[in-house]
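Please look through this structure with me before you read the points.

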Amino acid sequence: MKMKKTALASSVATIALCSTLIAGSTFALFTTQDKVNVAVTAGQVALTANLVDDSLKTWSLYETEADARTDGTFVNGGTAEITDEANVKIDLMTPGDVVKFTIDVENASNVHTQYRVRMVSTNSDPNVVDLTPALTTTAIIEGVEYAVTGSENATLWKYVEANKEIKDIEVRVEFPNTDDSFGPENKDNAYQNGHADITFIVEAVQSNAKIVASDEASLQEALLNGAVAVSGNGATVNTEGLDLNKKDAALEDVTIVAQGGEGYGIAYYQGEKLTLGAGATIQANNDYGILVVQNGGDIVLNQGSKIVNTQSGGACIGVMPYPNQEVNIYLNDVDLLEGDVGIYILGAMAGSKVNLHFPNEEVMNHYVGRVKKENNFIDLNDPYVSWIIG
């Protein structure tokens with residue numbers, strides 16, 4: 001802070017000295033000025049969640065949801081009640097009892113977001129048995145069930161556009177019967193007089209926040225459900241073709257293995273920008289590792305990523321922009337494309353263009369002779385393709 005004060009004082013002194021010199025002279029200074037105003041507003045990520053008052057259902061052992069009651073009672077005398085817009089109270093629950101209720105979510109976000117449901121359970125009294133391990137909790141989003149059982153667990157993130165309605169979320173809490181013997185060895189006895197405080201949190205983040213998927217199943221669902229930036233945490237996804245038709249997507253630390261099927265590893269028909277980051281690999285054995293058609297868009301391959309196509313004559317990237325559309329492909333390192341054909345241009349439609357971008361001439365020269373248009377490899381002089389450095 002002292003150095004800043006010294007610099008400021010020095011500037012003031014210099015200005016004062018110039019003023020003295022100008023005052024003793026007879027020349028005039030011509031000046032003019034203009035200004036540009038910049039107005040900035042921040043986006044808002046906001047949602048509210050409230051219990052739907054008349055949504056409560058209960059049923060008990062050997063009953064199904066078709067037998068559910070709406071008065072909040074269980075066969076053995078237990079009860080469930082929505083006490084206010086944010087709390088459910090369940091008393092005297094026994095094995096086989098199930099409670100189901102609905103959460104109404106209002107999306108007030110004026111930017112695109114991703115949302116999920118997270119369950120947190122705490123036992124604040126160490127002298128009371130924690131009932132959490134005995135319970136099965138499930139969140140149902142748009143008809144898809146997600147197990148959120150455990151001390152803390154969550155659904156996958158779901159993409160939603162700004163101000164778009166979020167459908168009601170259903171939640172099921174079950175005390176499953178784990179032993180039909182009903183004798184003295186019934187292991188559910190350990191949870192008698194147990195207690196659990198359970199909180200269901202509906203949370204949202206901006207749509208391009210990175211989502212970390214911990215296993216193959218959650219990674220694949222995250223990709224198909226609209227997660228924009230996904231870290232696979234080293235997972236491998238086997239597919240016959242993923243359709244990532246969203247505005248923006250980024251992948252890292254994941255291997256996508258594509259065999260046969262639709263003839264491509266990833267189809268990016270309607271996207272704006274698909275980025276492969278460090279550790280992102282597409283291993284294809286079909287026509288194209290990535291297939292880009294229709295509205296163009298950008299494909300970015302950064303250092304540490306790779307597309308491999310082992311099929312004879314197969315291309316790492318297939319491109320077919322529609323008339324008057326452009327595709328930009330950024331190859332930011334050498335050895336990003338491994339296969340018989342690096343980039344295959346399926347057809348030169350009227351007014352369409354393919355732009356290849358490279359960080360320097362060395363990287364560009366590495367890919368000369370790897371680009372094929374229709375049936376012929378092309379050089380730097382092909383009018384349909386621009387080779388751009390920088």
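This is a predicted model: local features need pLDDT of at least 70, side-chain atom pairs count only at pLDDT 80 or more; totals for chains, interfaces and linings use all residues.

The numbered points below go through the model topic by topic.

1. Residue numbers start from 1 along the chain.

2. Start with the charged side chains. Side chains of opposite charge can pair when their charged atoms come close. How many salt bridges does the count come to? The count comes to 12.

3. Take Glu145 and Arg172 as one case. They form a salt bridge, and their closest N and O atoms are 3.1 Å apart. Glu145 sits in strand E8 (residues 144–147) and Arg172 in strand E11 (residues 169–174), so this pair ties together parts that are 27 residues apart in sequence. Is Arg172 buried or exposed? Arg172 is buried, because its relative accessible area of 15% is under 20%. Glu145 has a relative accessible area of 49% and is partly exposed.

4. Lys373 and Asp382 make another salt bridge. Here the closest N and O atoms are 3.0 Å apart. Lys373 has 18% relative accessibility and counts as buried. Asp382 counts as buried too, at 13%. Elsewhere, salt bridges with shared partners join Lys57, Glu65, Lys100 and Glu170 into one network.

5. Asp91 and Lys89 also form a salt bridge. The closest N and O atoms of this pair are 3.8 Å apart. Asp91 is partly exposed, at 30% relative accessibility. Lys89 is partly exposed as well, at 45%. Keep Asp91 in mind for the next point.

6. Now the largest pocket. Its volume is about 1100 Å³. It is lined by 41 residues, and the closest to its centre are Ile90, Asp91, Met93, Leu131 and Ala196.

7. What is the lining of the largest pocket made of, by class? It has 22 nonpolar, 14 polar and five charged residues. Several strands contribute. Strand E1 (47–51), strand E4 (87–91), strand E5 (98–107) and strand E12 (197–206) each supply at least two lining residues.

8. Ile198 is partly exposed, with 28% relative accessibility. Which residues is Ile198 in contact with, leaving aside its neighbours within four places in sequence? They are Met119, Val120, Ser121, Leu135 and Thr137. Ser121 is worth a look in the viewer. Ile198 and Ser121 are 77 residues apart in sequence, yet their C-alpha atoms are 4.4 Å apart in space.

9. Turn to the aromatic rings. The whole structure has three aromatic pairs. Why is the pair of Phe358 and Tyr367 stacked? Their ring centres are 6.0 Å apart and their planes meet at 25 degrees, so the pair is stacked. Planes under 30 degrees apart count as stacked. Phe358 is buried at 2% relative accessibility. Tyr367 is buried, with a relative accessible area of 1%.

10. Phe358 has a further ring partner. Phe358 and Trp387 form a stacked pair, 5.8 Å centre to centre with 15 degrees between the planes. This pair links distant parts of the chain: Phe358 is in strand E27 (residues 353–358) and Trp387 in strand E30 (residues 385–389), 29 residues apart. Both Phe358 and Trp387 are buried. Ring pairs link Phe358, Tyr367 and Trp387 into a cluster.

Notes
Side-chain values use heavy atoms; hydrogens and water are left out. A salt bridge is a side-chain nitrogen of Lys or Arg within 4 Å of a carboxyl oxygen of Asp or Glu. Buried means under 20% relative accessible area, exposed over 50%, partly exposed in between (1.4 Å probe, protein chains only). Helices (H or I, at least four residues) and strands (E, at least two) are DSSP runs, numbered from the N terminus. On a 1 Å grid over the protein atoms alone, a cavity is a set of points where a 1.4 Å probe fits but cannot get out, and a pocket is an open set with protein on both sides within 12 Å along at least five of seven lines; lining residues have an atom within 4 Å of a point. Grid points are joined across faces, edges and corners, and a volume is the space filled by probe spheres set on the points. Ala, Val, Leu, Ile, Met, Phe, Trp, Tyr, Cys and Pro count as nonpolar, Asp, Glu, Lys and Arg as charged, and the others, Gly among them, as polar. Contact means heavy atoms within 4.5 Å. Rings of Phe, Tyr and Trp (its six-membered ring) pair if their centres lie within 6.5 Å; planes under 30 degrees apart count as stacked, over 60 as edge-to-face and the rest as tilted.
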